[in-house]
Amino acid sequence: ITLSTAPLSEALAIAKTVAPAHPARQVLQDVRCSCDGSMFTIEACDLDKSVRFHIKPDTTEKALPFCVNAKKFAGLVAGTRGTSVDIEITDSRMELTLSEGVVQLALGDVAAFPDSAPMPLTNLVKVPADALSAALGAALPCCATNEAMYSLAGVCLALENGEIAATDTHRLAIATVEVLGNAPAGTTIIP
């Protein structure tokens, strides 16, 4: 499979931020990749959030799903001076052909990778972009930055009543935005 370096590097840079450095499950350090001939897919998941990227390959080869360490894969692609990367999958290794040479990475267990199938788009809501930006701008300074308060290091969205809130236990910010549509009940934390 031949891929352009720029979109692959960009997708891996984001995916490696989702894959935790020291997870409880080793496979969470990996990205799951596959190619159906028309689209190369990269997925990363940390059980709380997941990302999926689709990149159009320069070739039409197919590849069964495989897992590889996100940080190593991203580092190799980001460090190459070439405009494309060739990927070949064997039984237990991924072989990357870069402008600097050939590198092999061990493959992870695809069966152990958490399922991150896209959720159906239901309960779509709209929030005016300028109002959302202003509300997030007001809430972000109150997010906890201390690693000991991980659960407070985000913004809480309660779209049912249009509230956005953040706290670091000393400060509290609550902003209200207009929500258009049938917003679901409950809250969501955005890290």
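A quick word on the ground rules. This is a predicted model, where local features need pLDDT of at least 70, side-chain atom pairs count only at pLDDT 80 or more, and totals for chains, interfaces and linings use all residues. Residues are numbered from 1 along each chain as its sequence is written, and side-chain values use heavy atoms, with hydrogens and water left out.

Let's begin with the whole chain. Its secondary structure comes to three helices and 12 strands; here helices (H or I, at least four residues) and strands (E, at least two) are DSSP runs, numbered from the N terminus. The C-alpha trace spans about 55 × 35 × 35 Å along its principal axes. Of the 191 residues, 35% are buried. Buried means under 20% relative accessible area, exposed means over 50%, and partly exposed is in between, with a 1.4 Å probe and protein chains only. Take contacts, meaning heavy atoms within 4.5 Å: among those between residues at least 6 apart in sequence, 59% join residues at least 24 apart.

Now to the charges. Counting Lys and Arg as positive and Asp and Glu as negative, with His and the chain ends not counted, the chain has 13 positive and 21 negative side chains. With each charge placed at NZ of Lys, CZ of Arg, CG of Asp or CD of Glu, the centres of the two sets lie 3 Å apart.

How many salt bridges are there? The count comes to four, where a salt bridge is a side-chain nitrogen of Lys or Arg within 4 Å of a carboxyl oxygen of Asp or Glu. One of them pairs E43 with R32, with the closest N and O atoms 3.2 Å apart. E43 sits in strand β3 (residues 40-45) and R32 in strand β2 (residues 30-36), so this pair ties together parts that are 11 residues apart in sequence. Both E43 and R32 are buried.

Another bridge joins R81 and E100, at 3.8 Å between the closest N and O atoms. R81 is in the loop between α2 (70-79) and β6 (84-89), and E100 is in the loop between β7 (93-98) and β8 (101-108), so the parts tied together are 19 residues apart in sequence. R81 counts as exposed because its relative accessibility is 71%, while E100, at 38%, is partly exposed.

R171 and D168 also meet, at 2.8 Å from N to O. R171 is partly exposed, with a relative accessible area of 40%, and D168 is buried, at 10%. Salt bridges that share partners also join R32, E43 and R52 into one network.

For background, most residues other than glycine have a negative phi.

My last stop is A153, in the loop between α3 (129-139) and β9 (155-158). Its relative accessibility is 32%, so A153 counts as partly exposed. Which residues does A153 touch, not counting those up to four places away in sequence? They are A144 and P191. A153 and G75 are 78 residues apart in sequence and 27 Å apart in space, C-alpha to C-alpha.
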